[in-house]
Amino acid sequence: MINITKMAIKQHTYFLYIFICLYCITYTNLVQGQACVDVYAIAAPASLTLQPSIVDTLLGDLNDITTITTDVPIASPMGGATFNANANELIYIEEGGAIPDLNTIDGISGNNTEDDVDVLGISELQYNCGNDILYALQETNTEPPSGNFQLVALDNTTGNTTTIGGPITTPTGIVPGTSTIDTENNIYFFIHESSSGTYVLNTIDIDTGLNTSFTLPFTPIDIDYDLFNNQLVAISSNLEVILIDATAPDTQTTIGTISLSGATLHTGNAAIDPFTQRLFCTGETDAGLQQLYTIDLTTATITNTANTPYQLSNLLTTIPCVPIPDFEFDGTCLGQNMQFNADISIGANAWTWDFGDPGSPNNTSTEIDPTHFYAIAGTYTVSLNITGCIGDANVTQEVTILTPPQPELPDSVFTCEHEILLDPGDFPDVSYLWITGQSSQTIVAFADETWYYVDISLNGCVIRDSVYVDLSEADTTSEVWEADEITFCEGTDAILMPDITGESYQWSTGDETPEIPVTAGIYQITVTQGECELIDEIEVFFVSELPVDLGNSAITVCALEYILDPGEIAGADYLWSTGDQTQTINVDAAGEYWVEVTLGDCTNSDTITLNLIAFDPPSLGPDSLKVCESQPLTLDATTTGANYIWSNGETSPMLEVPNDAPGLYWVDIRVGNECETRDSVYVEFVPDLSVDLGADRALCEGVDLILDSGVRDAVNIWSTGELNDSITITSPGTYSVTVDNGGCVDTDEVTISAHLPETINLGNADGSDVTICPALSESVTLNAGNGNNFVWSSGETTSQIVVSTGGTYSIEKIDDFGCTINATVNVLEVCSSIVQFPNAFSPNEDGFNDVFRPKGRFIENYQLAIYDRWGKVIFESNDIEVGWDGFNKGVRAELGVYVWFITYTNSDGEAAVEQGNLTLVR
């Protein structure tokens with residue numbers, strides 16, 4: 001760590017620093033992480049919004065780094081923000097909820113690094129980048145009167161504090177925003193107003209905790225610490241610029257008076273740039289415009305005025321203690337330029353790079369974000385040295401240059417196939433990412449004409465390879481012939497030709513014509529279409545006669561229809577006397593039918609005479625039939641033009657079977673002299689079914705309900721899919737069952753609704769726990785409502801009980817639906833502290849309201865103090881029963897408004913502070 005001391009910065013060096021930083025500010029202008037000083041503030045565009053921002057001190061523009069919006073008014077109080085230059089973080093207090101929160105955000109991105117840390121009574125934040133500690137003032141109440149503070153080290157991640165030194169009494173409190181810190185000598189400064197109306201500068205030695213105070217001969221608007229001159233810079237209410245020696249605050253020098261008309265400066269909102277000796281502060285014109293002023297500390301003159309869009313609070317400058325070099329890099333492939341980025345460094349205005357590549361003529365650079373080309377793969381040590389407004393620093397990192405994979409995709413691919421496999425090559429330890437989103441080594445390309453590319457990554461080295469794929473010439477088929485063989489008749493001239501056309505033909509015989517004469521054998525052809533060649537082969541057969549056979553020349557068939565089939569001949573054409581051209585036909589009438597089959601020049605035919613007797617054999621059903629005994633059974637064998645003989649001698653088409661005569665029944669059926677058939681069935685009668693699931697009903701949550709069909713030795717099919725006699729249900733709905741005993745079928749359904757038991761609330765209306773104060777003989781009635789069988793955890797069995805002691809009480813009862821309901825409540829013994837003050841009293845000795853004192857209970861360590869309008873204590877009491885009688889040192893106090901202030905310990909053991917005004921009347 002580099003510590004800056006005043007003595008080490010001689011005059012010529014000091015001006016050199018100023019020159020360098022002026023150049024830095026002019027050149028980079030708000031480039032984060034580089035400038036000597038950036039100016040931050042917290043803007044409040046609306047009551048529900050805060051915007052931590054970087055301020056353009058020339059134009060007044062705000063670069064919002066984040067926006068905080070809530071549903072309640074919020075603010076950041078003066079003195080409630082500071083900047084950690086070591087980590088580039090803005091730390092600020094947000095007020096709006098019951099307890100103020102401390103937030104820490106990144107000074108560039110605005111992302112939260114710590115959020116919503118409770119900090120009650122914390123103010124005047126100052127970050128010491130020298131020891132990396134956040135300091136603040138914390139209000140205490142260990143001893144009255146009000147305005148007691150303690151310097152603490154504050155943990156911004158937990159809100160925990162560590163006390164430094166003893167308590168400091170400030171009768172009227174701190175002047176908000178008038179704290180600052182000397183990070184070189186570890187001195188914390190702040191200003192408070194004395195009881196006499198003067199202002200006091202407090203200097204606290206952070207190392208020892210020793211506090212020294214100095215009365216200021218002027219009324220300050222703000223102070224800030226000048227790092228280079230070890231002095232405080234103050235602005236008085238008369239707009240004087242006053243320099244205060246930080247080591248001897250009694251030594252003060254007035255530089256001059258700021259010329260400012262038609263405007264007022266805001267208290268506690270000034271920040272110094274020690275490198276350029278400029279002071280920034282905010283104010284407001286008579287017309288209501290918010291303005292940012294830049295003041296030259298050497299002349300006390302305003303050098304720039306800029307309008308800001310909103311009122312700003314907590315104006316502060318980011319002054320690093322030491323330069324912090326850092327850089328990032330991208331591009332680790334051999335053959336590529338590597339990009340270096342140093343704009344994440346802190347406190348830099350000059351950069352010197354050494355790329356660790358002495359063989360390169362460009363091994364060094366002074367750019368902020370340079371590039372470098374490494375000609376050889378390997379590991380290089382890169383060094384960055386930064387020169388800042390506050391010193392030099394160096395950092396190194398190792399950079400590994402990798403030999404990239406060498407992908408093997410061609411520049412373009414043309415194919416007549418409908419798809420193609422793209423493979424850039426198999427490389428170890430790499431990952432692939434295609435334009436299609438696939439991460440496999442290979443992909444299949446389908447598009448007619450398009451570019452494909454793949455990114456191949458090896459430890460940060462990324463190589464992209466691309467290929468142009470053209471499948472536009474792919475034919476819809478890759479076959480010349482649909483069949484693998486073809487048949488011709490012997491003795492005919494057989495001519496073979498392809499099924500597709502092309503631009504040229506090449507036969508295995510050497511012919512190049514579209515068709516060729518053939519004999520038996522295998523022939524191959526190549527058909528050219530554009531740039532695509534289609535190759536196929538076919539085998540040629542010859543037959544002496546086509547085998548056409550419809551069977552016997554005349555047949556009789558008992559059926560409604562009949563299929564005629566002459567046999568399958570590959571490649572042949574069929575023509576029937578019916579006009580059909582399929583291999584087979586389905587006929588439904590008697591008559592003569594012929595078929596002619598043609599294959600090339602071969603033709604053969606056959607004829608058949610069909611005597612088709614329309615006969616549709618009936619069916620009496622399954623061989624075994626179960627029938628419900630209450631249902632009549634009729635066996636039906638009706639067939640057109642038929643004669644019938646039943647097993648019992650009946651000759652009608654249908655037979656009625658009585659339910660008391662089970663057994664085997666058959667029927668003989670004859671149509672004409674040629675068609676005859678018999679069918680039989682065994683008939684069994686079964687008892688009737690009666691399924692009843694009961695009436696619709698309600699179901700208690702958590703209670704199971706059994707539904708039973710009431711039928712045994714049958715198939716039960718429930719709507720749930722279960723097949724048991726009974727089912728168990730746990731949720732409401734409509735349930736049904738179908739019961740089948742093989743002959744009878746019956747069904748029933750039932751609707752089960754959900755019964756939602758009442759909710760018992762034994763606590764408050766919002767469901768919270770109940771509190772009582774036994775010391776005040778308080779009790780509470782716990783009411784469980786209507787129902788049956790009440791059982792309390794206390795043993796009582798009534799619907800309500802009276803409780804006068806704390807504890808956990810529970811109730812179990814059964815409602816009118818039989819549902820069991822439970823409830824529990826915590827009865828807490830709480831005797832809360834109460835303090836109530838009147839706002840006026842009249843000490844006129846009329847016996848009514850003659851003494852000012854509070855009414856209170858359950859409090860300890862009570863202390864009351866009453867102040868006059870000049871801040872002097874005129875009455876004190878540590879007994880709540882002893883109040884003020886309106887006299888001050890034996891003399892009647894003047895009529896008017898007075899301030900009261902009390903401290904006490906409440907019933908929770910916590911220190912409490914309250915204050916208010918009272919009016920004395922007579």
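In the predicted model, C281 is buried, its relative accessible area being 3%. Disulfides in the structure number six, and three of them are described here.

The sulfur atoms of C700 and C819 are 1.4 Å apart and form a disulfide. Here the S-S torsion is about -95 degrees, so the disulfide is left-handed. Because C700 lies in strand β57 (residues 697-700) and C819 in the loop between β67 (807-814) and β68 (820-829), parts that are 119 residues apart in sequence are tied together. C700 counts as buried at 8% relative accessibility, as does C819 at 2%.

A disulfide also joins C773 to C831, with an S to S distance of 2.0 Å. Its torsion of about 100 degrees makes it right-handed. C773 is found in the loop between β63 (770-772) and β64 (780-783) and C831 in the loop between β68 and β69 (834-836), so the pair ties together parts 58 residues apart in sequence. C773 is buried, with a relative accessible area of 2%.

On the surface, a patch of negative charge is formed by E479, E482, D484, E485, D499, E537 and E539. Of these residues, E539 is located in strand β44 (residues 532-543) and is partly exposed, at 32% relative accessible area.

How values were computed
Residues are numbered from 1 along each chain as its sequence is written. This is a predicted model: local features need pLDDT of at least 70, side-chain atom pairs count only at pLDDT 80 or more; totals for chains, interfaces and linings use all residues. Side-chain values use heavy atoms; hydrogens and water are left out. Patches are made of residues with over 30% relative accessible area and no salt bridge: like charges are joined within 9 Å, nonpolar side chains (Val, Leu, Ile, Met, Phe, Trp, Tyr) within 5 Å. Accessible areas come from the Shrake-Rupley method with a 1.4 Å probe; for residues, only the protein chains shown count as cover. A salt bridge is a side-chain nitrogen of Lys or Arg within 4 Å of a carboxyl oxygen of Asp or Glu. Lys and Arg count as positive and Asp and Glu as negative; His and the chain ends are not counted. The place of a charge is taken as NZ of Lys, CZ of Arg, CG of Asp or CD of Glu. Helices (H or I, at least four residues) and strands (E, at least two) are DSSP runs, numbered from the N terminus. Buried means under 20% relative accessible area, exposed over 50%, partly exposed in between (1.4 Å probe, protein chains only). A disulfide is a pair of cysteine sulfur atoms within 2.5 Å.
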